[in-house]
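Hello,

Here is the structure we talked about.

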Amino acid sequence: FFDRDTMATRWDYTHLKLWGTLLVFVFHCLRPFDLGGWHVNNEIRYLWVSDVCKVLELLHMPLFFMMSGCSIALSLQIRSIPQFWIERVKRLLVPMGFAALILAPPQLYFERLRPTVVGIPPWPGAWTEPAIPGSSWNGTVWTGGFVEFVPYYYRGQFLAGGNFCWFGLHAWFLAVLFTITLVLFPVLCLIRALCQRAGTKRAPPERTLPYCLWVLVHMLAACVVSYQLHPVGWGLELAGWSVPHYAQLVVLGFLLVNVPNFERAVHRLSPLAAIGAAASTVWLYCNHFGIEETVTADGTPEYTNTLEFGTNRYMLFQSLRTFASLCWLVTLLTLTHSKWQWGNPLIQAQAEGSLPFYLLHQPFVIGFAHLFCHQYDGTLTAKVFGIITTGGTFALAFYRVFATANVLRWCMGMKSKAPGGPSLRGVAVSSKCLTGGLVLFLVGVSHDVPMAVMVGKIVLVTGVLALALKQ
């Protein structure tokens, strides 16, 4: 996030990007235990976990799209239009293709090992094809191995009763962002040209009142749009929000860079925004974001979504969700601008690895979630801790390995490594330790061999430490 006009790195934006990545990771680690259907679901699910996931939804993807708008604005400062689109293709479409071809098959494999769970909201990714003669698909679950499943991954379309996911499952963010950029690009160029002609970057910093009204109008428009769009059409929610809402956030991020007084107005409104964010989030949490719990005669809890499109209750909850999300964004923008305007090579390296970690984490999270939820009888805390530690460790470790080869960096949307950087030879021992430790750990858990589990953990820790020291 380098601003050519001020010749300074926007470290506050960098920190927000990292916070968004961390929130997405935690969100995915909790998803097996909430009430909604997902790739992997625990036998017992919890209303309070669902509420926590709904709180995280207020922040993580909105942060990503707002920061993407900032990135677009800063990129257009140093690139011509052809260079910008080449960079967009390399940064968005190439990683999406990598996710669709390499990262999605193992995720779908783990999902097909168990029957699709009906949740709130229901999971639309079921494989509805009847039993296939001569295969391990019996119409409900997959009973074979991963290698046998790979050809069937390309059978049918995901979300339409099949398996092949052209957008790479969790890489939908890249597809949506590319589409929004493509559609809004003329508008963004017009905004940039008007700002340059009006000299918005030279405007007196004390003239922020009109921009405060502009911010409030933007928030009001977002709240109105949130309950006007039908959830089956344009209002279809991806990680809790519709594509038009994400487009508004991209424009918001674009304005933050091109209109400094707009950003100053955001900071000026932050005290009120912090109060609004806290109050609305607490109210939504206490009301379970519209989910109602009832207890049957035998003591079994049942959950119902009480939000029906077109009702006053739906309008209230959607408006408050949008209001809370935008207030949190305003609060975080001000907090990072005032407290986190600092950086170092470590922060820069973490920012570079944000997209690769986003791509790599979910396959490991789903794999270990399947292990802990269906082959390990433990408490909720133990399962969540196990998913976070193992999924995060393997995602980081494999990122460090992948980052040593330019072809793998290209697949993950990264720039080529500088000459003299770490090589594959430097991490060979580490990668062998990680692979061997993973095999031992999984064999030990699946066959109930405690010694193999313990040795596998030791080898894994050794590999991670060796990788960290070599890097």
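This is a predicted model: local features need pLDDT of at least 70, side-chain atom pairs count only at pLDDT 80 or more; totals for chains, interfaces and linings use all residues.

Residues are numbered from 1 along each chain as its sequence is written, and side-chain values use heavy atoms, without hydrogens or water.

The helix pair. H4 (residues 81-112) packs against H6 (residues 172-198) at about 155 degrees, with the axes 9 Å apart. Helices here are DSSP runs (H or I, at least four residues), numbered from the N terminus. The angle makes H4 roughly antiparallel to H6 (over 145 degrees). On the H4 side, the contact (heavy atoms within 4.5 Å) is made by Ile81, Phe84, Trp85, Arg88, Val89, Leu92, Leu93, Pro95 and Met96. H6 supplies Leu174, Ala175, Leu177, Phe178, Thr181, Leu182 and Phe185. By class, that is 14 nonpolar, 1 polar and 1 charged residues.

Helix H9. In H9 (residues 260-268), 7 of the 9 residues are buried, so the rest of the structure largely encloses this helix. Buried means under 20% relative accessible area (1.4 Å probe, protein chains only); exposed is over 50%, and partly exposed lies in between. The buried residues are Pro260, Asn261, Phe262, Glu263, Ala265, Val266 and His267. Their cover includes H1, H7 (209-228), H8 (243-258), H10 (270-286) and H11 (312-339).

Val26. This residue sits in H1 (residues 11-30). Val26 is partly exposed, at 26% relative accessible area. His60 is 34 residues from Val26 in sequence, and 9.9 Å away in space, C-alpha to C-alpha.

Best wishes

Notes
Axes are lines fitted to C-alpha atoms, for helices over the stretch in contact, and angles run from 0 to 180 degrees between N-to-C directions. Helices (H or I, at least four residues) and strands (E, at least two) are DSSP runs, numbered from the N terminus. Angles under 35 degrees count as roughly parallel, over 145 as roughly antiparallel, 65 to 115 as roughly perpendicular and the rest as oblique. Ala, Val, Leu, Ile, Met, Phe, Trp, Tyr, Cys and Pro count as nonpolar, Asp, Glu, Lys and Arg as charged, and the others, Gly among them, as polar.
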